[in-house]
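Hi everyone, thanks for coming. Let's take a friendly walk through one structure together, so please have a look at the screen.

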Amino acid sequence: MELDERKTKILEAIIRNYLETGEPVGSRTISKYGELNVSSATIRNEMSDLEELGYIVQPHTSSGRIPTDKGYRFYVDRLMVEKEREVTELKELMIEKAEKTEKVLKKVAKLLASNTNYAAMISSPQYHRNKLKFIQLSHVDEKQIVAVVVVEGNIVKNKMIDVEEPISNETMLKLNMLLNTNLNGLALEEINLAMIARLKEQAGIHSDIISSVLDAVAEAIHGDEDLEIYTSGATNIFKYPELSDHERASELISTLEEKHQLATLVTPSNGIQVYIGNETPVQNMKDCSVVTATYELGKGMQGTIGIIGPKRMDYEKVVDALQTITEQLDHVFDKT
């Protein structure tokens with residue numbers, strides 16, 4: 001028999017409450033769940049049906065109910081289907097979003113290079129002070145589980161975790177609830193040593209899993225490996241005699257093609273930053289001036305736009321161009 005929506009909600013409420021307290025759950029406790037909006041008598045009738053169907057059991061006369069293996073199985077299957085669907089939707093959304101972002105940023109870099117006659121760069125937006133949205137632990141096989149970590153901005157990271165012994169569905173469920181109850185909504189800076197120690201203590205023999213999951217959280221929040229930098233107008237440097245000799249021009253063009261060097265310019269800041277000659281953090285740009293600005297999209301998602309040219313660049317024109325594009329970039333994304 002397939003459970004209707006009310007029975008499903010009552011069963012889930014019983015399981016969630018039992019997992020939190022370890023005590024049999026009565027109808028009065030369940031009636032406090034606002035989403036049910038039914039009387040204690042109705043809940044008692046539904047609980048009797050769930051017991052008859054084998055989803056819950058009354059361990060002692062006059063006590064509340066606890067889940068059976070069948071009840072846990074129903075809950076875990078529903079939970080996993082729901083989380084897997086959410087993760088799949090997030091990944092599809094991120095693929096679509098990444099393609100759109102790349103298209104817009106390349107267009108912006110090309111526009112800046114064309115309008116200024118200098119080289120231009122723009123970094124992909126990164127979230128700063130990300131907060132954790134949820135963690136999902138799932139079985140892969142008897143020796144491995146996968147931790148799916150989702151942080152603000154719908155950034156999704158998967159981490160494979162080796163386990164010495166198979167983990168039961170009930171244990172997996174308890175670990176999921178332990179992690180999500182304590183960590184959801186927190187930034188990495190808010191996860192302190194005392195909290196980690198408490199989580200490990202509560203996880204008992206599975207404390208190593210907690211360590212691996214926290215590593216995955218850190219990777220998801222600080223994952224700069226996804227940083228992309230798009231450039232345009234590198235050949236514009238040949239227009240300026242002081243930069244156009246073969247060796248110097250080659251070094252500059254190579255630098256514009258290497259993300260790890262340009263990444264030193266990607267530092268969120270307020271207003272316009274101007275680096276003249278030796279002030280620039282990029283060694284091969286010591287004969288240039290670099291002007292950068294931070295753009296922001298929505299909630300804390302930031303990137304860097306930069307113009308690279310000779311020290312005698314038209315600073316007023318460059319600053320005006322960067323101010324205009326940082327103000328309009330949100331609108332550009334909406335219209336593309």
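Let's begin with N117, which sits in the loop between α4 (69-116) and β3 (119-123). Keep in mind that this is a predicted model. The phi of N117 is near 70°, a positive value in a residue other than glycine.

Now on to helix α3, residues 40-52. Its 13 residues reach 18 Å from the first C-alpha to the last, close to the 18 Å expected at 1.5 Å a residue. Which residues of α3 are buried? They are I43, E46, M47 and L50. These cover an arc of only 105° around the axis, so they lie on the same side of α3. Covering them are, among others, α1 (5-21), α2 (27-31) and β1 (56-57). On the face turned away from that buried side, we find the exposed residues N45 and E52. Just after α3, G54 has a positive phi of about 90°.

Next, charges. Side chains of opposite charge can pair when their charged atoms come close. The count here comes to 11 salt bridges. One of them joins E46 and R6, at 2.8 Å from N to O. E46 belongs to helix α3 and R6 to helix α1, so this pair ties together parts that are 40 residues apart in sequence. Is E46 buried or exposed? With 5% relative accessibility, E46 counts as buried, while R6 is partly exposed at 38%.

Another salt bridge links E5 with K9, whose closest N and O atoms are 3.3 Å apart. Both lie in helix α1, four residues apart, about one turn of the helix.

How values were computed. Residues numbered from 1 in each chain as written. Predicted model: local features only at pLDDT ≥ 70, side-chain atom pairs only at ≥ 80, totals over all residues. Heavy atoms only, no water. Helix = DSSP H or I, 4+ residues; strand = E, 2+ residues; numbered from the N terminus. Expected span 1.5 Å × (residues − 1). Buried < 20%, exposed > 50% of the residue type's maximum accessible area, 1.4 Å probe, protein only. Arc of directions from axis to C-beta. Contact = heavy atoms within 4.5 Å. Salt bridge = Lys/Arg side-chain N within 4 Å of Asp/Glu carboxyl O.
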